[in-house]
Amino acid sequence: MTLESERIKRILDGFDPVSHGLSPDFILTKLTAMKGCGCKVPRDILLELLKTFDYDAGDTDGVGIGLDSCVVPLRHKGLNLVQTTDFFYPLVDDPYLMGRVTCANVLSDLYTMGIVDCDNMLMLLVVAVDLNAKERDIIVSLFIKGFKDAADSARTRVRGGQTVRCPWLLLGGVASSVATDSEIIKVDRAQPGDVLVLTKPLGGQVAVNSYEWLKKKNGKVEELDLDEKKIIRAYQQVTEQMTRLNRQDDEKSLSD
């Protein structure tokens, strides 16, 4: 089975915790009360806090604080370090797919800058203290496999990272690439009339939340009169989109 076919099969089959040695009622997303953009510091507050890093307002060579990726001119003429980091609380219940979601999202910030080749990745893993040893070993192994498989699909490698413990489960990574000036699209210099490319549909968080309500049986699905089959279908579609790399979209935009 190819990595792509395994990805699609796991999405359509759904996650069965028992088949992986977990309890029947195990739900990965229960390990956090926060998810998506709802766990981020509002941008206006963040930019105010980050003013400490305003080294030189007149420096226009690179792209710095405030954007998803930084572009740092290197001492070697014509070369830049393009680097990004991101991390997430669990969005889906399959740890393998969550690993793929995490890796794909980290890489997407490079692709946004026009960089289609990632030279190196690091993995960031924060293990929830509420997990027992068996749950930890199963979940972390699946997550690492998903992260690695996505990195393999992107033709890059994971060569390090950091692992710690805390009350919540957090998953993330770092992606780095060395690129020439001509390879980089500096998104902070967009002009009126430039074309914006939407690589994935909007509204994914709504589908994820609805599916979580369905799993938790908290009454919200009935209260809002939602269709269970449509919720499951929307969740599958969103999971496919979140685990899919934006690499092909980026390559196409650069070739057009």
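Which residues in α1 meet which residues in α3? L3, E6, R7, R10 and I11 in α1 meet Y96, L97 and R100 in α3, where contact means heavy atoms within 4.5 Å. This is a predicted model, in which local features need pLDDT of at least 70 and side-chain atom pairs count only at pLDDT 80 or more, while totals for chains, interfaces and linings use all residues. Residues are numbered from 1 along each chain as its sequence is written, and side-chain values use heavy atoms, with hydrogens and water left out.

**The chain as a whole**
- The chain has eight helices and five strands, taken as DSSP runs numbered from the N terminus (helices are H or I, at least four residues; strands are E, at least two).
- Read from the N terminus on, the elements follow the order α-α-β-β-α-β-α-β-β-α-α-α-α.
- Of the 256 residues in the chain, 41% are buried, a term that stands for under 20% relative accessible area with a 1.4 Å probe, counting protein chains only.
- Among contacts between residues at least 6 apart in sequence, 80% join residues at least 24 apart.

**α1 with α3**
- Helix α1 (residues 3-13) and helix α3 (residues 95-112) pack at an angle of about 120°, with their axes 10 Å apart; the axes are lines fitted to C-alpha atoms, for helices over the stretch in contact, and angles run from 0 to 180 degrees between N-to-C directions.
- That angle makes α1 oblique to α3, since angles under 35 degrees count as roughly parallel, over 145 as roughly antiparallel, 65 to 115 as roughly perpendicular and the rest as oblique.
- By class, the contact of α1 with α3 has four nonpolar, no polar and four charged residues, with Asp, Glu, Lys and Arg counted as charged, Ala, Val, Leu, Ile, Met, Phe, Trp, Tyr, Cys and Pro as nonpolar, and the others, Gly among them, as polar.

**α1 with α7**
- Helix α1 and helix α7 (residues 228-243) pack at an angle of about 155°, with their axes 9 Å apart, which makes α1 roughly antiparallel to α7.
- On the α1 side R7, I8, I11 and L12 take part, and they meet Q236, T239, E240 and T243 in α7; the residues of this contact divide into three nonpolar, three polar and two charged.

**α3 with α7**
- The axes of α3 and α7 come within 7 Å and cross at roughly 50°, and the two helices are therefore oblique to each other.
- L97, R100, V101, A104 and N105 of α3 make the contact with T239, M242 and T243 of α7, and its residues divide into four nonpolar, three polar and one charged.

How values were computed
Buried means under 20% relative accessible area, exposed over 50%, partly exposed in between (1.4 Å probe, protein chains only).
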